[in-house]
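Take a look at the chain below. Then read on for a short tour of its layout, its surface and one of its loops.

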Amino acid sequence: MHTAGQRIAIVSIGGVFPALPTQGNDIDTFWSNVQEAVSVSRPVSPDRWLLHPDDAYDPRVAAPDKVYSTRGCF
């Protein structure tokens, strides 16, 4: 998490922004979210992956053939 006095760098040649109006779909809203530490992640929908997110999830980092988060920025 970003705290006062820390510097961050966002390095990219392009960007894809969330399509949901509440999360912002332009560079100004993106930057505002970065500055205010707003998370725009959301739960993975059950039809996003071949497996249901509950079946793919394992809280242990680097568990073979598993993910340790069922949230993402899609």
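Read along the sequence, this predicted model runs α-β-α-β. That pattern comes from 2 helices and 2 strands. Both are DSSP runs numbered from the N terminus: helices (H or I) have at least four residues, strands (E) at least two.

Residues are numbered from 1 along each chain as its sequence is written. Local features need pLDDT of at least 70, side-chain atom pairs count only at pLDDT 80 or more, totals for chains, interfaces and linings use all residues, and side-chain values use heavy atoms, without hydrogens and water.

The chain has 74 residues, and 16% of them are buried. Buried means under 20% relative accessible area, exposed over 50%, and partly exposed in between (1.4 Å probe, protein chains only).

Two residues show how this works:

| Residue | Relative accessibility | Class |
|---|---|---|
| Ile-10 | 46% | partly exposed |
| Asp-58 | 11% | buried |

Ile-10 sits in the segment before helix H1 (27-35).

Asp-58 lies in the loop between helix H2 (53-56) and strand S2 (71-72). What does the side chain of Asp-58 make a polar contact with? Its partner is the side chain of Arg-60, at 2.6 Å. A polar contact is a pair of N or O atoms within 3.5 Å; within protein, one must be able to donate a hydrogen and the other to accept it, and residues adjacent in sequence count only if both atoms are side-chain atoms. Setting aside neighbours within four places in sequence, Asp-58 also touches Ala-63, Lys-66, Val-67 and Tyr-68. Here, contact means heavy atoms within 4.5 Å.
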